[in-house]
Every structure is written in C-alpha cells, then in structure tokens.
Amino acid sequence: MAEQSTQSIEVDAEPSRVMAVIADFPAYPEWARAVRQTEVLDTDGDGRAKQVKLTLDAGPIKDVYTLEYDWDGDGLGVSWHLVKGQMQKAQNGRYALEDLDGRTRVTYTLSVELALPMIGLLRRKAEKMVMDTALKELKKRAEG
C-alpha cells in the first residue's frame with residue numbers, strides 16, 4: 001500500500017455546510033478546477049452518493065475513474081476507495097471534519113498508487129499539490 005499524505009485547513013463555515021459541499025458531486029465541475037465531469041452511479045439508503053465516476057483533467061494528469069464512498073453516521077467524515085481507474089491502481093482518501101464553534105477544521109488524507117511507477121518523492125509532491133488545491137477550493141466554495 002502506498003504511503004498516505006495528510007493536510008488540514010480551517011474553513012469559516014459550519015461542518016454541515018462543508019459536508020454539503022463535499023457531498024454535492026454534480027457541482028464539482030463548478031468549483032474544483034481539475035474535475036471536468038461527475039456522474040453519480042449509485043446512492044446509499046440515505047440518498048448520498050455511493051459510487052461516483054469522475055473525469056479529471058489536471059494538465060498532464062488526465063483520468064476517468066470511479067470511487068466508492070462510505071459516509072460517517074455523525075456527518076463529520078467520509079472515506080473513499082478506488083473501484084476502477086485508467087491511470088490509478090489504488091486510491092484511498094478521507095475527509096474528517098472537526099467542529100470549531102462555527103468554523104470547521106477539514107483534514108484530508110490521501111493515498112494514490114498510479115498504474116505507471118513514479119518515484120516516491122514525486123508522487124508525494126503531486127499528492128500534496130492535489131490536496132492543497134482541493135482544500136483551498138473546498139474552503140472557497142464552503143465560505144462563498
């Protein structure tokens with residue numbers, strides 16, 4: 001299994017607002033620059049996305065992949081793993097939210113294993129760049 005990278009950011013919004021942004025997959029192309037298209041393939045008993053197909057275009061990195069999501073019952077976290085992808089062999093991630101009296105600390109953990117080998121240092125740098133961008137875009141959308 002690949003090593004995990006973790007980053008956090010504080011968002012000036014309630015955890016429920018932040019989670020609503022995370023869970024609104026059809027809106028991702030509006031605010032997540034690299035996400036060109038999303039398609040919810042399956043939902044759980046509560047109507048939340050269970051499987052989502054994403055089309056990613058981050059310059060030199062282009063991929064179409066399907067993730068499966070597992071939502072925490074308390075509304076403060078969601079985990080996912082790769083079901084199928086073109087450039088990825090594995091992806092495991094998690095958003096964990098912490099209520100800070102009206103603000104939210106979002107901790108993003110991500111591990112990606114590409115189909116083509118990549119030097120660990122470069123892979124970690126790419127993961128950190130993806131995570132940093134994702135957290136900043138999430139913050140902007142949740143606060144907007």
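View 1. Strand S3 (residues 49-58) runs antiparallel to strand S4 (residues 61-71), and eight bridges join the two. A pair here needs at least two bridges found by DSSP; helices (H or I, at least four residues) and strands (E, at least two) are DSSP runs, numbered from the N terminus. Look for Thr-55, which stands opposite Val-64 in S4. S4 is also antiparallel to S5, this time with seven bridges, and Leu-67 stands opposite Leu-82 in S5. The S4-S5 hairpin has five residues between its strands, and Gly-75 in that turn has a positive phi of about 75°.

A word on what you're looking at: this is a predicted model, where local features need pLDDT of at least 70 and side-chain atom pairs count only at pLDDT 80 or more, while totals for chains, interfaces and linings use all residues. Residues are numbered from 1 along each chain as its sequence is written, and side-chain values use heavy atoms, with hydrogens and water left out.

**View 2. S5, S6 and S7 carry on the antiparallel pairing.** Strand S5 (residues 77-85) meets strand S6 (residues 88-100) over five antiparallel bridges, and a hairpin of two residues connects them. How many bridges hold S6 and S7 together? Strand S7 (residues 103-114) pairs with S6 in the antiparallel sense over 12 bridges.

View 3. Asn-92 lies in strand S6 and is the bridge partner of His-81. Its relative accessible area is 26%, so Asn-92 is partly exposed; buried means under 20%, exposed over 50%, and partly exposed in between (1.4 Å probe, protein chains only). If you zoom out to Arg-33, that residue is 59 positions from Asn-92 in sequence and 21 Å away in space, C-alpha to C-alpha.

**View 4. Asp-101 makes the turn between S6 and S7.** The S6-S7 hairpin leaves two residues between its strands, and Asp-101 is found in this loop. For context, most residues other than glycine have a negative phi. Is Asp-101 buried or exposed? With a relative accessible area of 80%, Asp-101 is exposed.

**View 5. Thr-104 is tucked away in S7.** Thr-104 belongs to strand S7 and has a relative accessible area of 0%, so it counts as buried. The side chain of Thr-104 reaches the backbone oxygen of Ala-13 at 2.6 Å. That is a polar contact, meaning a pair of N or O atoms within 3.5 Å; within protein, one must be able to donate a hydrogen and the other to accept it, and residues adjacent in sequence count only if both atoms are side-chain atoms. Beyond four places in sequence, Thr-104 touches several residues, including Ile-9, Val-11, Pro-15, Val-18 and Leu-97 (contact means heavy atoms within 4.5 Å).

**View 6. Helix H1 keeps its buried residues on one side.** In helix H1 (residues 15-23), the buried residues are Pro-15, Val-18, Met-19, Val-21 and Ile-22. They lie on the same side of H1 because they cover an arc of only 155° around the axis, taken from the directions from the helix axis to the C-beta atoms. An α-helix has 3.6 residues a turn, so residues three or four places apart point the same way.

View 7. Asp-42 lies in strand S2 (residues 35-43) and is partly exposed, at 39% relative accessibility. Which residues does Asp-42 contact, leaving aside those within four places in sequence? They are Arg-48, Ala-49, Lys-50 and Gln-51. Glu-68 is 26 residues from Asp-42 along the chain, with 9.0 Å between their C-alpha atoms.

**View 8. The whole protein, for orientation.** Three helices and seven strands follow the pattern β-α-α-β-β-β-β-β-β-α along the sequence. The C-alpha trace spans about 45 × 30 × 25 Å along its principal axes. Of the 144 residues, 36% are buried.
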